[in-house]
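Subject: Structure handover

Hello,

Here is the structure for you to look over.

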Amino acid sequence: LTRMSLFWFDKLGHLCPNHLTGDAPESVVPETEKPLVANRSMLVHRLRPIPVEAVVRGYIIGSGWKDYQKTGMVCGIKLPAGLKEAEKLPEVIFTPATKAPAGQHDENISYEEAVKIVGANYAAQVKKASIQLYTEASDYARTKGIIIADTKFEFGVDESGKLFLIDEILTPDSSRFWPAAEYRTGISPPSFDKQIVRNWLETQPWNKKAPAPKLPPEVLANTTAKYREVLELLSR
């Protein structure tokens with residue numbers, strides 16, 4: 001996840017500044033801890049997080065598909081009738097979500113609600129940056145045989161109020177990656193992301209409250225293999 005985030009931070013740095021300091025994490029830890037942080041850590045600036053998750057969708061799937069089936073909308077955005085599951089949207093849409101406390105679930109909200117939470121200025125900046133980031137990343141991924149169906153960004157601000165991209169970006173934990181060769185509408189396509197875990201959990205008698213069911217070794221192994229595979233495909 002760290003390697004993939006660093007790959008995207010470098011590739012998309014011209015679109016939005018990020019929280020990386022540019023220094024190696026190994027430079028700030030004792031010699032004995034260097035092997036623990038090498039290739040798996042980031043050294044970042046301390047910023048104030050914006051309390052809204054910036055979700056961008058290019059395809060109708062997941063919670064967006066569920067909302068669309070019920071209302072014909074996603075986060076208050078009216079979509080054309082008759083869309084199939086996993087279908088490409090006529091245009092990329094920005095569908096923010098609440099940034100829930102640990103242990104709680106994020107909830108989709110309208111853009112207007114996001115404005116109430118973070119203010120019109122930051123909401124507009126976040127929306128513009130998110131769509132630009134997703135669009136450029138999506139275009140690049142298609143050249144590698146990968147569809148990025150949707151993704152989630154997080155942003156923070158410094159003491160002067162300047163906006164920065166923070167946390168992880170465009171990883172299998174924050175995005176939905178599909179192999180383009182196996183993409184079909186009308187079904188949830190095979191994925192390179194944590195959908196493997198989601199799919200398994202959906203088959204379990206679990207009320208989605210702690211404690212969660214223990215994942216079987218094969219689910220962990222398959223998820224890890226998919227994460228590594230998509231990193232290799234994107235960065236080769």
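Angles under 35 degrees count as roughly parallel, over 145 as roughly antiparallel, 65 to 115 as roughly perpendicular and the rest as oblique. The model is predicted: local features need pLDDT of at least 70, side-chain atom pairs need pLDDT 80 or more, and totals for chains, interfaces and linings use all residues. Numbering starts from 1 along each chain as its sequence is written, and side-chain values use heavy atoms, without hydrogens and water.

Helix H6 (residues 195-202) packs on helix H7 (residues 217-235) at about 155°, with axes 9 Å apart. H6 and H7 are therefore roughly antiparallel. Axes are lines fitted to C-alpha atoms, for helices over the stretch in contact; angles run from 0 to 180 degrees between N-to-C directions. Helices are DSSP runs (H or I, at least four residues), numbered from the N terminus. Ile196, Val197 and Trp200 of H6 contact Val219, Asn222, Thr223 and Lys226 of H7 (heavy atoms within 4.5 Å).

Helix H1 (residues 2-11) and helix H5 (residues 120-142) pack at about 110°, axes 11 Å apart. H1 and H5 are therefore roughly perpendicular. Phe7, Trp8 and Lys11 of H1 meet Glu136, Ala137 and Tyr140 of H5.

Now the cysteines. A search of the whole structure finds zero disulfides (cysteine sulfur pairs within 2.5 Å). Cys16 is buried at 7% relative accessible area. Cys75 is also buried, at 11%. Buried means under 20% relative accessible area, exposed over 50%, partly exposed in between (1.4 Å probe, protein chains only).

Best wishes

Key:
Helix = DSSP H or I, 4+ residues; strand = E, 2+ residues; numbered from the N terminus.
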